[in-house]
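Please read them alongside the sequence and the structure shown below.

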Amino acid sequence: MAYLRFSVRLFFLVIWLIIGLLIVSLSFPWLKKNTRETIVRYWSYYLMKMTGVHIQQEGKPILDAPVMLVANHVSWIDIFIINSQRATSFIAKAEIRQWPVIGWLVGAVGTIFIQRGSKSDVVTINASMKAHFDQNTCIGLFPEGTTSDGLSILHMYSGLLEGAMNARVPIQPVALLFYYQQQRSGRVAFIGEQTLLANMWVLLSSKDVGVTVRFLPPVTKAGEEVLITRQELIEQIREILLKEVSVE
């Protein structure tokens with residue numbers, strides 16, 4: 001049964017990815033920003049439906065203003081899960097750009113790639129964030145820098161908060177809580193030495209996978225100067241997310 005489930009989902013996933021590639025390459029250059037974002041949101045929502053992942057939203061994302069969403073990082077599908085709630089330009093590790101199809105697709109819809117450990121990239125991206133926020137863009141950040149099993153929070157890096165702090169936009173924590181057969185689980189986490197193909201097998205062959213996307217109150221306010229340091233702010237965010245995702 002698992003092989004049949006995997007085969008059917010993979011078939012529809014490939015078709016949907018091809019449709020996404022055609023939409024992005026043929027129509028995105030001519031569409032208005034709001035239209036592009038609507039397409040990204042619905043396309044991402046149905047992509048997750050095809051993988052068998054049931055999404056439940058709790059809380060409300062900021063929809064009508066620039067914002068930085070700061071989330072814990074569990075899987076390659078995190079980007080699409082959050083995009084299904086609000087179209088978001090993510091800051092992601094440069095390796096993702098090399099992934100077949102998915103890398104090109106996430107790049108085409110506005111993902112900002114960064115070299116892991118590159119201080120010059122951090123400075124450049126922080127400096128360019130104001131231009132993104134001036135266009136009412138939502139920027140997404142996974143400050144752990146890598147994926148975890150989703151049942152705890154790794155160390156978080158503060159460097160890329162600076163652009164949002166300088167632009168004085170709200171910074172909103174987002175907790176991603178993954179479930180398998182209605183129990184909190186790290187089953188579909190993309191961690192360790194697992195390959196993308198192996199993780200896709202686990203995800204697409206599994207039954208009853210769900211994720212709760214919990215939008216939490218922003219830790220900064222629009223237009224207000226942040227009076228604590230970057231490090232203090234990231235520690236505050238980590239503490240908030242740790243409380244949400246931890247399993248006792």
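1. In which helix does Leu26 lie? Leu26 belongs to helix α1, which covers residues 2-26, where helices (H or I, at least four residues) and strands (E, at least two) are DSSP runs numbered from the N terminus. The model is a predicted one, in which local features need pLDDT of at least 70 and side-chain atom pairs count only at pLDDT 80 or more, while totals for chains, interfaces and linings use all residues. Residues are numbered from 1 along each chain as its sequence is written, and side-chain values use heavy atoms, with hydrogens and water left out.

2. Leu26 counts as exposed because its relative accessibility is 60%; buried means under 20% relative accessible area, exposed over 50%, and partly exposed in between, with a 1.4 Å probe and protein chains only. Leu26 is also part of a nonpolar surface patch, whose members include Met1, Phe11, Phe12 and Leu22, and which has about 1,100 Å² of accessible area together. Such patches are made of residues with over 30% relative accessible area and no salt bridge, nonpolar side chains (Val, Leu, Ile, Met, Phe, Trp, Tyr) being joined within 5 Å and like charges within 9 Å. A salt bridge here is a side-chain nitrogen of Lys or Arg within 4 Å of a carboxyl oxygen of Asp or Glu, and the areas come from the Shrake-Rupley method with a 1.4 Å probe, for which, in the case of residues, only the protein chains shown count as cover.

3. Helix α5 (residues 119-134) has 16 residues and should span 22 Å at 1.5 Å a residue, which agrees with the 24 Å between its end C-alpha atoms; the expected span is 1.5 Å times one less than the number of residues.

4. Within α5, the buried residues are Ile125, Asn126, Met129 and Phe133. Their cover includes the strands β2 (67-71), β3 (89-93), β4 (112-114) and β5 (138-141), together with helix α6 (162-167).

5. Positive phi values deserve a check. Asn136, which follows α5, has a phi near 65°. Arg168, not a glycine, has a phi of about 55° and lies in the loop between α6 and β6 (171-180), where Arg168 is partly exposed at 38%.

Conventions. Contact = heavy atoms within 4.5 Å.
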